[in-house]
Amino acid sequence: MLSLIVFLPIIAGLIILAVPSSQKQIIRIVSLLAALAQGVVAILIWRAYDPSLPGITAGPGGSPLGSFQFVEKLPWIGLKLGGMASLNIEYFLGVDGISVTMIILTALVSAIGVLSSWTIQKQVKGYFILYNLLASAMMGCFVALDFFLFYVFWELMLLPMYFLIGIWGGPNREYAAIKFFLYTLFGSVFMLLVMIGLYFSVLDPVTGNHTFSLVAMANQANYIQDAILGPHNVMWRYIAFAVLFIGFAIKVPMFPFHTWLPDAHVEAPTPISVILAGVLLKLGTYGMMRINFPLFPEVFHASMYIIGIFGAINIIYGAFCALAQQDLKKMVAYSSISHMGYVLLGLAAGNSEGMVGALYQMFNHGTITAMLFLLVGVIYDRAHTRQIDKFGGLASYMPVYAAIVTVAWFASLGLPGLSGFISEALVFVGAFSSITTRPIAMVSVLGILFGAAYLLWSLQRVFLGKRKPDAAYDLEVGADGHEHIHFHDWKGKIDLDARELTMLVPLVVITIFLGIYPMPVLGMITSSVNKLVEVLTPLAIR
Amino acid sequence: MHSLIQLSIVVLLLPLLSFVILIFFNRRLPRRGDFVGVGILGTAFAISAYIFWTVIVQTYDPAFRVAWNFTWIDLGNVPGIGPLTIKMGIVIDNLTAIMLAMVTLISLLVHLYSTGYMAGDKNYGRYFAFLGIFTFSMLGIVLSDNLFSIYIFWELVGLSSYLLIGFFFEKDSAADAQKKAFLANRVGDIGMWLGILILYSQFHTFSFAEIYANLAAGKFAMSNAWLTAAGLLLFMGCVGKSAQFPLHIWLPDAMEGPTPVSALIHAATMVAAGVYFVARIFVLLTPDALHVIAFIGAFTAFMAATIAITQNDIKRVLAYSTVSQLGYMVLGLGVGAYSAALFHLVTHAFFKACLFLGSGAIIHAMHHEQDMRWMGGLRKHMPWTFATFTLATLALAGLPLTSGFMSKDAILAGAIGFANVEGGGVYYIIPVLGFFSAMLTAFYMGRQIWLVFFGESRTHLKPADDHHSAHHAHGAHDAHNDDHHADHGVHEVSWNMRAPLVILAALSVFFVYSPNPLDGAQGWFMKMIKTPATVVASYQSAVGSGHSALKELPSAEAAGEHASEKGEHTFADPRQAELAHTSHAAHYTAIYISSIMVILGITLAGVVFVFKIIDPDKTAETIRPLYLFSLNKWYWDEIYQATFIRGSLLLSKMLYWFDRNIIDGMVNGAALIVRNVAFANNSFDKYVVDGLVNFTAFSVNTTGAVLRKLQTGKVQTYVVMLLAVVFGYFVFYFTRLIY
């Protein structure tokens, strides 16, 4: 099941390899079919998922089977290096409450990304091969339970992303692509070191061998007391936690490692922005929840305050930077930074409300930000500009577009009744309930205000009022005496066309539905998060 | 589930249904589906009226309460807490029943009125959809049994308000106003949210009933100051929504919305939600928090009244009057006159809705002229509007025989009682401001009535270009974008706009609420709405940090006895009992003073505007700074613009500069350093490492080239070299022998 959902896009990529590059439509349809098949598998996983199993650590008897679901475990690379040393790398996949929502999100965003890629005209074959590779790698990261396998998928994401931005991006694409690549690589180098250190510190309770299994690593009883990252080696455990955290924080992106994000978003084509904001950023916080925190719970407990402060900086700093933007897409990029700050804050709370909120926020940010980038893409396709002050009054001429923008913008500013509100509310509830992060939560609520400020202000400047004198569109009085809008060289439908609606309407429906009734998602994650909180709470406090 | 709960759920969901139908299908329905909105609201009102009848008329029990809830979010078995759920629920008590009937009635009347007022607008159907979602959200606030759902609906009414203020969004002023309203409300909401968080962090529940039970049991683990803070933070929500100082600035601008919306949202219901909310949390407010609330209310009432006296826009006068009256309600809650404040909420809702709808009728008839300076003489043209408007004005000014008289008097009596209980001094500021504002109210309403309805039409006095621009500003309103001059064809409005006026005016008369026109306390309202017993007093006495004034008070038992003799409510808390007692004693004092103040105000208005003994323009010149201060609304907008708004924008630019140049500068700097190191490394490699290699090769090469010259291949050369070497050896050998 999990192998299928991971490798479906790669299979599609292989098929595309055999299709001549002139057959653009076939290439697109093959990719779409793969994405839809992925979606079907994701739905099957969702329906078959048993929310009572907690995950995070092994079930009774040290086996992951009693705790994780859809487990696939095969020896992959087993090298006997003579003497004590041996390398036991496993092909180990499995799902718990933390990853199952991310799988569904990934499948959803990947499918929408394919639809959004329909308008890509340059080197279609190469684009979709890379796109499918990226889709597989992302999915792989979320289901891998072997640290080595996780690392392979993690690095595998980088390559297609680099080319997708570097070839199909905007004018400054090469700078953005290399910045993204090097930044992420910088983080993953340290991850590699920590991974090797962990390998030599942990024994699989069943086989007695060293292991890369994250499930084994999440149980402190499996650590060798005096090993490099064993419980006695306090200093190295702190260092390992810190470098691992930086590696994931770059992906989130957390202040001050965030500057690659606006550049990457501004240069990336719309579907890649959607994937980047919708899924890739979540890998940072997912990595924290899956690897960084449960493997070093005592260090996490000592760092909650610092993580919370960085969360608050992300929230407020991101909101202020968004307020200063002239480019709509850059504003959305900074809003992502701000919203990922809520995730960090929720994680820093270290209690169930905060962590559930953080995980739910990851899901909701995925859907809402995907919507925001798609909507920015719509106007960029038509007007070839994203400058906020180059429009004005669009609501009169593109009513459907304006309506969906309003829903998306309000979802982003955390309006109750839309999904983003519940996750932000839970984050604040958690952060305020924890005495450690209470003062941080009290400052962070300002993010709610400034979030509303930049979103409403941009909404007003682009959609309300009248056409600006130097707007990027023209008005013509038609035969019926009404004014009609006209974009310079846009031949398509002025308001949203069928393809754009197909991408946006499901996201709108999800956003509204999960804002009114969040349990379909929350129900899957609560038992895992409660287990995670239990793992993270030091014995003394427990 | 109680049948009333089931009915209330139907009432709650009906307007949402109206919204869903109209937002998607209004263009496919005849008349853009306005009958759907009116019909659905009519049904909702009928059911609400039945609930009202059952609860208030049939049951007639001050303690009536039914509640129901369901689990909305289940967080499972949370470590350290145990099973944790977030519940949503509905509570129906007397206050809910009254509010339900009031909200649905006014909403129904506004729907009906709008079928006339908004006819012909290009977004006519959408307008009714927005009214639907507003009514839904407002009913949600009224029915909520917990802080979380009240916060949800709180923000949703903010959204509906945003959408309706900006209904004519092509106008920049409307787009500015809607943004301002939402953001000002958000400031209040942040405080409210923090207050909710304080309470949640203590009890892990949002439910009013559970929080109060825990508080009463003294389970609040934080210090007393935190409880005061929680109360004041929750009150911030009211400051935003009910437009109290210092967040009152959005409400006058909100008049950019269609006038029926101003009546429904920005006068009768939504802005009163803040007061309603404070009533819901009344029992957890500490005396310190209540003092702050009382002062804010009194100051707001006074400040807004001083602004209202100089405004020229008919709607702005009413808007500031609304702010002022909301100040009265907040003042009333602050001084502990709980039932009086809520009584004023209801009476104000009806007469202010009547005034706004009346002003809408005037604006409609005057072809979107809103400036009172160019009106006049409308009494003859619009008799119905004149009659209803005047009746509502009398209620607002607080003249006897009206509803407003009873409720305002009860608040002012409470204020006097409060000042007496607190031992006078600065606390007398509150009743003094209250009475003074009552005079100002009578004055500005007298001015408005005179300017609009009496005298001769002044339409022709309007400067031409001003007229022109005003006409264009309202160009969005297609139906009336014609070239009529305002003085042509002023006529009474049609029945669907007239009927709401008559109904609302009828609800502004005393006998609806009380058989005795001088005493609201004898009426059903104040008998059904009783001050709830505070839950902080027991906590305070347990902690031993009671309010200083408590020491001088008679014991709780004595006060309770006194109250029960009169068949009144008994209080567990001595402070509340004393307040009730002194307020009652101050009842007639309040009537006398307020009547005098109202008569003074009306007389002054008459002196200035009717008999023109004092020329208003000349007076304005004499006290020009004060006049400008009032006309420019105490310059709050300018102050906020110069500080918070410009400050935020400046900060955002600075932070973005920091981001681009410092943070990204460091990243790019790091990249540059790496590149330079790489270049240096390259140079080292090229010149030093490779240089050494090349130098070795070079030296070997050079040596070879030199030595090569020796190897000539000629025997003669070798013999000469051999001889030279041998000779040299001998020279060396013998010189050593000699020395």
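Q: Hi! Which residue takes a positive phi just after H18(A)?
A: Hello! That residue is A:Gly465, with a phi of about 70 degrees. Keep in mind that this is a predicted model.

Q: How many residues does helix H18 of chain A have, and how far does the helix reach?
A: H18(A) covers residues 446-463, which makes 18 residues. From first C-alpha to last the helix reaches 26 Å, close to the 26 Å expected at 1.5 Å a residue.

Q: And why is H18(A) described as largely enclosed by the rest of the structure?
A: Because 14 of its 18 residues are buried.

Q: Switching to the chain pair: how many residues of chain B are in contact with chain A?
A: On the chain B side there are 37, and they are in contact with 42 residues of chain A.

Q: Nice, and which one gives the most?
A: That would be H6(B), which puts 13 residues into the side of chain B that touches chain A.

Q: Let's zoom out. How many helices and strands are there in chain B?
A: Chain B has 29 helices and two strands.

Q: Why is chain B called more spread out than a compact globule?
A: Its radius of gyration is 39 Å, whereas the globule rule gives 27 Å for 739 residues; the value is well over the rule, so chain B is more spread out than a compact globule. The C-alpha trace of chain B spans about 155 × 70 × 60 Å along its principal axes.

Q: What share of chain B is buried?
A: Buried residues are 53% of the 739 in chain B. As for contacts in chain B with a separation of 6 or more, 80% are between residues 24 or more positions apart.

Q: One last topic: at what angle do the axes of H13 and H14 of chain B cross?
A: The axes of H13(B), residues 314-334, and H14(B), residues 338-365, cross at roughly 175 degrees and come within 9 Å. The two helices are therefore roughly antiparallel to each other.

Q: Which residues make that contact?
A: From H13(B) they include B:Leu318, B:Tyr328 and B:Met329, and from H14(B) they include B:Leu345, B:Leu355 and B:Phe356. The contact of H13(B) with H14(B) has 12 nonpolar residues, six polar and two charged.

Note on methods. Residues are numbered from 1 along each chain as its sequence is written. Chains are lettered from A and ligands numbered from 1 in the order in which they are written. This is a predicted model: local features need pLDDT of at least 70, side-chain atom pairs count only at pLDDT 80 or more; totals for chains, interfaces and linings use all residues. Helices (H or I, at least four residues) and strands (E, at least two) are DSSP runs, numbered from the N terminus. The expected span of a helix is 1.5 Å times one less than its number of residues. A residue is buried if 20 or more other C-beta atoms lie within 10 Å of its own, exposed if 12 or fewer, and partly exposed in between; C-beta atoms are placed from the backbone. Two residues are in contact if their C-beta atoms, placed from the backbone, lie within 7 Å. The radius of gyration is taken over C-alpha atoms; the globule rule is 2.2 Å times the number of residues to the power 0.38. Axes are lines fitted to C-alpha atoms, for helices over the stretch in contact, and angles run from 0 to 180 degrees between N-to-C directions. Angles under 35 degrees count as roughly parallel, over 145 as roughly antiparallel, 65 to 115 as roughly perpendicular and the rest as oblique. Ala, Val, Leu, Ile, Met, Phe, Trp, Tyr, Cys and Pro count as nonpolar, Asp, Glu, Lys and Arg as charged, and the others, Gly among them, as polar.
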